[in-house]
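The structure is shown below.

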Amino acid sequence: LSESVLRAGGEPLTIQPWAPNGLPSSAEVAARLGFADAVLLPGGGDLAPATYGQVGSSDQVYDVDAEQDAFDLAVARWALEDGVPLLAVCRGWQVVNVALGGELEQHMEKPHRHVVHTLSIAVDSLLAQVIGASLEISCFHHQRVSRLGDGLEPLAVAEDGTVEAAHRPGSPGWFLGVQWPPEDTASTDPAPLALFGALVEAADLRAAQRAGVCVSPSPGVK
């Protein structure tokens, strides 16, 4: 992911998760991350089912980290509330969905592990403006969004119903969530790299606005 951000012209920084009191407030997150022009929530282990209101855990749920969960959820809420450009990838997309009150399927009947398929993208959508009308993607995940969080709308859905990409119309800042890992092919394919490019452009626009400079965004960055 960091390499993809660099390729797109950004300067990535990694932030250590910190949630000593269970769930940081937006103010606490802003105090640490307020300098950032954008946020990228990456892939990783599974969210604890309790974070989306489910009792009990599938034996397929793995690498749960309570502090990471708490921090990531707080970062997602802060970014969405404050209009910080946000690209959420794989687990990151699931974090955003849960942060907005959505739910996950703990273990898919047919997991998308080493699954390659062509993604059809909603015409004229934010995602289509960034990467085009279709894209061959490589997936590796065993969980998926089962109920969308508040205000989220799908931009691409797989044949089995998996939401592969979503946005949130009306959010104060640029946001895209994708279920697949675009960094896997960003070094050889300009389409997934364009996702990182859109994030970097949105970050530059936010930085300019904070500095009082007037800049016109491209169609994929609004």
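This is a predicted model: local features need pLDDT of at least 70, side-chain atom pairs count only at pLDDT 80 or more; totals for chains, interfaces and linings use all residues.

## Largest pocket

Helix 3 provides the largest share of the lining of the largest pocket, namely five residues. The pocket itself has a volume of about 870 Å³. Its lining comprises 37 residues, and those closest to the centre of the pocket are Leu13, Thr14, Ala38, Val39 and Leu40.

Sorted by class, the lining of the largest pocket contains 20 nonpolar, eight polar and nine charged residues.

## Cavity

The structure also holds one cavity of 30 Å³ or more. The volume of the largest cavity is about 50 Å³. Its lining is formed by Leu135, Glu136, Ile137, Ser138, Trp180, Pro181, Pro182, Asp184, Thr185, Asp189 and Pro192.

Strand 5 (residues 134–141) supplies the largest share of that lining, with four residues. In terms of class, the lining of the largest cavity divides into six nonpolar, two polar and three charged residues.

Five strands form an open sheet in the order 1-2-9-8-7, and their pairing is mixed. Strand 1 (39–41) and strand 7 (153–157) each have a single partner strand and stand at the edges, so one side of each lacks a neighbour in the sheet. From one strand to the next, the twist averages 15°.

## Cysteines

How many disulfides does the structure hold? The number is zero. Cys90 takes part in no disulfide, and the nearest cysteine sulfur, belonging to Cys139, lies 8.3 Å away. Likewise, Cys139 is in no disulfide, with the sulfur of Cys90 as the nearest cysteine sulfur at 8.3 Å. A disulfide requires the two sulfur atoms to be within 2.5 Å.

Are these cysteines buried or exposed? Cys90 is buried, with a relative accessible area of 14%. Cys139 is buried as well, its relative accessible area being 1%. Both values fall under the 20% cut-off for a buried residue.

Conventions. Residues are numbered from 1 along each chain as its sequence is written. Side-chain values use heavy atoms; hydrogens and water are left out. On a 1 Å grid over the protein atoms alone, a cavity is a set of points where a 1.4 Å probe fits but cannot get out, and a pocket is an open set with protein on both sides within 12 Å along at least five of seven lines; lining residues have an atom within 4 Å of a point. Grid points are joined across faces, edges and corners, and a volume is the space filled by probe spheres set on the points. Helices (H or I, at least four residues) and strands (E, at least two) are DSSP runs, numbered from the N terminus. Ala, Val, Leu, Ile, Met, Phe, Trp, Tyr, Cys and Pro count as nonpolar, Asp, Glu, Lys and Arg as charged, and the others, Gly among them, as polar. Buried means under 20% relative accessible area, exposed over 50%, partly exposed in between (1.4 Å probe, protein chains only). Two strands pair if DSSP finds at least two bridges between them. Axes are lines fitted to C-alpha atoms, for helices over the stretch in contact, and angles run from 0 to 180 degrees between N-to-C directions.
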